[in-house]
Amino acid sequence: MSTPPRLHDHPHLPAPPPEADDHWGPQGSAEIALDYARRMFERQHVALPPLGFEVDWDDQPSRHKLYEDTVKVPLPEPFRAMPPAGVGEAVRTARGPARAMEPPGLGVLASMLGTYGVTGRRTEPNWNDDSRAKARSDRAVWARPTASGGGMYPAESYLVVGRSGPLPAGVYHYDTGHHSLDRLSARDRCDEIAAATGARAGLYAVATLRFWKNAFKYNSFAYHVVTQDLGALLASWRLVLAAHGTPVEPVLWFDEAAVGAVLEVDGHAEAPFAVVPLGPVTETPRTAPVPEARIGGSAPRRVWERSRRVRAFELVSRVHAAALVGDRPRPGPEVARAGALEDAPVETPAGSPAESSLSGTQLGADPGAAVVPLPDPLPGPADLDVGAGLLARRTSFGLFSARPPLDVRDLGWVLSSVAQVGRAGTDVAPAPRAHAWTGQWVLANSVAGLERRVHRYDAAEHRLVAGPALDVSGLQRLYALTNYSLQEAAAVIVVTGRLEALVAAYGARGYRMLSIEVGQAAQTAYLAATARGLGVGAVLGLDNIGIDALLGIEGTGERSMIFMLLGHERPRHHYDHSLYRSDGRGDAGATQEGAAR
């Protein structure tokens, strides 16, 4: 296996920190990733550098990437053409193999891209610390269908269109502030993307991350957050496309420098993280592009930067550099099993489920523990469809109420939805995928029919395996923030992963790919809960070390990655500032205040 390229091997990329040069190679990149992860998990016990860092809110970056010298291409209204497919139907479709269908039309792309655009202004009072500021016109906060850590929205979306696409050939950037496209190039660059990814298509969607949009607030913690943000965006794309009957397999292992050159991003301040081939896809050898293709042959477009000072953070730069793979060969699909937490039934050609190959002990369950079967995870007649759910998605800052208790059917519905998306395919783990990289635990507080206990979710059998009793009052001490009372949340879903095993298998890229799948789990939980009219909120502020001890997974290779709070809400008090409307059954344009709004 060849050595990955250093950042400074490519003219668009600034040199990495000098200490990164001593760690190149799969083993060195693994060490960097695990050191970074350890610091993130220990951050409530050991402060992260830079010590004394203070957020300069007056110099924060713009929430939207704005080009100063491009032609705008208007897009249709998002979600108006969405079929009335429910979340359950979409997640089942999303886990299937990619299909060789025609490229999606402009209306479908508008909805897919619109999952990261603004859908209305938020003014409701809640326990988050920015609640009062939202009422001021100069501090307006805008709702978006996809969740983002801290509301920073660091991802950017691009289309690379060939000669047979729904737009004239070229490269386009999605302007989240105006729901339009910036045309960056009038050339067909699909051959270059195919050479960098090994997947030939006539249309690609590419997701990148602009680190400063998050790092200005979270500094060294930024990489841990933004990689999960990227996964949340990918889940929204998956479910919109699946609602149209089109499962996709994103490419996560590709030559970043080559893709970045097509997009005119430097790979350091902004870098590509996922490439999604759309329409008919064929495999093609991955090749290193010639220098002319990498450079692009034209001056970069001018991008407006609001911040007077843009900073980079050493830990973020090091782990990002370590995760680059360049033209290293893609590991085969058998390697993906290194991260397996659960095997799930796989539909055989005859339609009967194959048995799980992981035992209850391997799932972390005591063979003698009490087992709670869950009702079938079926959609309800009042559930919102995917389009309406995206428009209605909210975070339940401080609005949870432990009464009435959460229906165990609703809990099972969310768990099952998350588990199914966890088995959606990628280039490194193609569908049909018999295993998932993420697992789920439940800290049950106020769930009808469940004791206050720690439970492990067994996705293969759709059941809960009971663990130790839960002291809900002590749980608050593990939470570093003040925007939630955990005693009012009906349940906390803990998403876990085998980080060390994946880093051993893939180097630092394993950390990056696991984080993307964790973000997918979080966004799916948001949409599944919203479909049922439930309150939901993703948090990273719980103490990972304390939660791992509570779950009893210390030393097992499994780690807590993100936490989803779930339950009923107190009544909301807010104004309706929606830009788009949906009645929840695929008929955009009608007005309805859904239960989760």
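In strand S7, serine 185 is the bridge partner of valine 171. That's a handy way into this predicted model, where local features need pLDDT of at least 70, side-chain atom pairs count only at pLDDT 80 or more, and totals for chains, interfaces and linings use all residues. Residues are numbered from 1 along each chain as its sequence is written, and side-chain values use heavy atoms, with hydrogens and water left out. Helices (H or I, at least four residues) and strands (E, at least two) are DSSP runs, numbered from the N terminus.

**Around strand S6**

- S6 (residues 170-175) and S7 (residues 180-185) run antiparallel, joined by five bridges; strands count as paired if DSSP finds at least two bridges between them.
- These two strands form a hairpin with four residues between them, and histidine 179 in the turn has a positive phi of about 45°.
- S5 (residues 155-161) also runs antiparallel to S6, with four bridges; here valine 160 has valine 171 as its partner.
- Six of the six residues of S6 are buried, so the strand is largely enclosed by the rest of the structure. Buried means under 20% relative accessible area (1.4 Å probe, protein chains only).
- Gly170, Tyr172 and Tyr174 cover one side, with Val171, His173 and Asp175 on the other.

**Helices H6 and H14**

- H6 (residues 222-243) and H14 (residues 508-531) pack at an angle of about 55°, with axes 6 Å apart. Axes are lines fitted to C-alpha atoms over the stretch in contact, and angles run from 0 to 180 degrees between N-to-C directions.
- Their contact (heavy atoms within 4.5 Å) includes Tyr223 and His224 of H6 and Tyr511 and Arg512 of H14.

Key
Buried means under 20% relative accessible area, exposed over 50%, partly exposed in between (1.4 Å probe, protein chains only).
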